[in-house]
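Please examine the sequence and the model first.

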Amino acid sequence: MMPIEEAVYISELFDIRTTDNSGRACFASKDLKKGTDVLCLTKCLGASTCYEFRKEVCSQCFQYDGGQRMKVRLNNKFLKGAGLWFCTENCRDQFLRQEHVDHLIDALETLLVSWEIQAKKRIGSIDRASNSSISTEKIESLWQDIRDNWITRIDRMKPTKRVLQLPIINEDEYVCARFVIHCLFTLKTTDTSSLHMAAFRNLQSNESSKISRFPVLLDLQKRVFQTLYILLPPFLKSGFDIPTFRHILGSEYGNSFGIWQNEEASDSREYLGYWVLPEASFFNHSCAPNLIKHRFGNKMIFTLNSDVTKDQELCIDYKDILDLKVDERRHILKENWFFSCECPRCKIEMQIN
Ligand SMILES: C[S@@+](CC[C@H](N)C(=O)[O-])C[C@H]1O[C@@H](n2cnc3c(N)ncnc32)[C@H](O)[C@@H]1O
C-alpha cells in the first residue's frame with residue numbers, strides 16, 4: 001500500500017506530531033490569537049458531487065442555486081460536456097485554465113459516454129445489498145485476483161474486446177469513478193515533492209474499517225477499478241494502479257470533508273458531495289474544538305475560535321455533534337469514523353456519567 005510515514009510539514013503555525021492514542025495531530029508551534037486563519041486551502045485532491053445534484057452544482061466553485069440547473073457547460077469538442085456544469089463562464093474558464101485539463105475532460109467524457117451507453121442495461125438503480133462481513137484477508141485476496149488474473153486477461157485483449165468486459169455500474173459507482181479520475185488528474189499534474197503530495201501519501205487509510213462496516217463497498221471498488229482500467233485514456237492510465245486506487249479510496253473514507261449547501265449546520269441544508277483536502281486531514285476531532293472550518297466556494301479556511309498557546313492541539317468538529325450528549329457523540333464518531341473519541345471533553349463527561 002502507498003501510505004508511508006514521512007515527516008509532513010504543512011504550516012509554520014502548527015507542527016504535526018504523533019500522539020499516544022489518536023494518531024498524528026496538529027499542535028500550535030507558537031501562541032496564536034483567536035481569529036487566526038491557521039490554514040487556507042484552494043487545492044483539493046479530488047471532489048465529488050452526489051449524482052442527484054450533478055447538474056445543479058458548479059464543478060468549479062460548488063455553487064448551488066436551490067435545485068436549479070447550472071447554466072454553463074463546456075463549449076468545445078466534448079459533445080456531452082463531460083458531465084461538467086458551471087455557474088458562470090468565469091468559473092468554466094477558471095476550470096479550463098488548469099494545465100493539461102484536456103486529459104481530465106477526456107477521461108470524464110469517456111466515462112460519461114460509456115455510462116450513457118450502459119443506460120439500457122441498467123434497470124433503475126442496481127441494488128448491491130451485501131451483509132456478509134469482510135475480513136482483511138478477503139480484501140487482499142480480491143485485489144490479488146484482480147492483479148494476477150483479471151488484469152493479465154484484459155491486457156491480452158484487443159481494445160474492441162476489452163470494452164465488452166466493462167461491468168455495468170450504478171450511480172454510486174459512476175460518481176466514485178469520477179472522483180477517482182479527478183484524484184488521478186491531480187496526482188498526475190502535481191509536483192511529487194509538493195506539500196500537497198506529501199500530505200496525500202501520508203493520509204491515514206480507513207479501508208478495512210469502512211469495508212467491514214459497509215461490505216458492499218468492496219464490490220463497488222472492484223467495479224470502479226475495472227471500469228477505469230478499461231476506459232482511462234493513456235495520460236491518466238499511466239498513473240493508475242491498484243495501490244494508488246486503494247489509497248485514494250481508503251483515505252477518502254476517513255479524510256473527506258462534506259460539501260454542504262450552507263455553512264451553518266441545519267436539518268434542511270443539502271449534502272451536495274465531498275472533497276478531499278490532504279493538508280487539512282491531520283486535524284483530529286474534538287468535541288470542544290478550537291478551529292472552525294468555513295468553505296467559501298472552492299476555498300476552505302480553518303480559523304481559531306479561541307486563543308491557543310504553543311503546543312496546544314488544534315482540532316475541528318468532524319460531524320456537527322457538539323450539542324449532543326457524550327454517549328451520542330461517541331456513538332456517531334465510532335459508527336462514521338471508526339474511533340473512540342479521546343478528546344478532553346469526552347474524558348471529563350464520561351467520568352461525570
Ligand atoms: C482525519 S484523520 C486525523 C489525523 C489522524 N490522526 C492521522 O494520524 O492521520 C482522522 C483519524 O484520526 C483519529 N482521530 C481523530 N480524532 C480523534 C479523537 N478525538 N480521538 C481518537 N482518535 C481520533 C482517528 O483514527 C480518525 O479516523
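A crossing of two helices is called left-handed if the near helix is turned anticlockwise from the far one by less than a right angle, and right-handed if the turn is clockwise. The model discussed here is predicted.

Q: What is the handedness of the crossing of α5 and α8?
A: Helix α5 covers residues 171-189, and its axis lies 9 Å from that of α8. The two pack at an angle of about 55°. Their crossing is right-handed.

Q: Are α5 and α8 roughly parallel or oblique to each other?
A: Angles under 35 degrees count as roughly parallel, and those of 65 to 115 as roughly perpendicular. The angle between α5 and α8 is about 55°. The two helices are therefore oblique.

Q: Which residues of α8 make the contact with α5?
A: On the side of α5, the contact is made by Asp 172, Glu 173, Cys 176, Ala 177 and Val 180. The residues of this contact divide into six nonpolar, one polar and three charged. From α8 come Leu 220, Arg 223, Val 224, Thr 227 and Leu 228.

Q: Are α3 and α8 roughly parallel or oblique to each other?
A: Helix α3 spans residues 136-156 and helix α8 spans residues 216-231, with their axes 12 Å apart. Their crossing is right-handed. The packing angle is about 25°, and angles under 35 degrees count as roughly parallel. Helices α3 and α8 are therefore roughly parallel.

Q: How many residues of the contact of α3 with α8 are nonpolar?
A: Ile 139, Leu 142, Ile 146, Ile 151 and Ile 154 in α3 meet Leu 218, Lys 222, Phe 225, Tyr 229 and Ile 230 in α8. Of the residues in this contact, one is charged and none is polar. The nonpolar ones number nine.

Q: How far apart do the C-alpha centres of domain 1 and domain 2 lie?
A: The domain assignment gives domain 1 as 14-41 + 277-352 and domain 2 as 46-256. Their contact takes eight residues from domain 1 and 13 residues from domain 2. The C-alpha centres lie 29 Å apart.

Technical notes:
Residues numbered from 1 in each chain as written. Predicted model: local features only at pLDDT ≥ 70, side-chain atom pairs only at ≥ 80, totals over all residues. Axes fitted to C-alpha atoms, helices over the stretch in contact; angles between N-to-C directions. Helix = DSSP H or I, 4+ residues; strand = E, 2+ residues; numbered from the N terminus. Parallel < 35°, antiparallel > 145°, perpendicular 65-115°, else oblique. Contact = placed C-beta atoms within 7 Å. Nonpolar A, V, L, I, M, F, W, Y, C, P; charged D, E, K, R; others polar. Domains from an automatic or database assignment.
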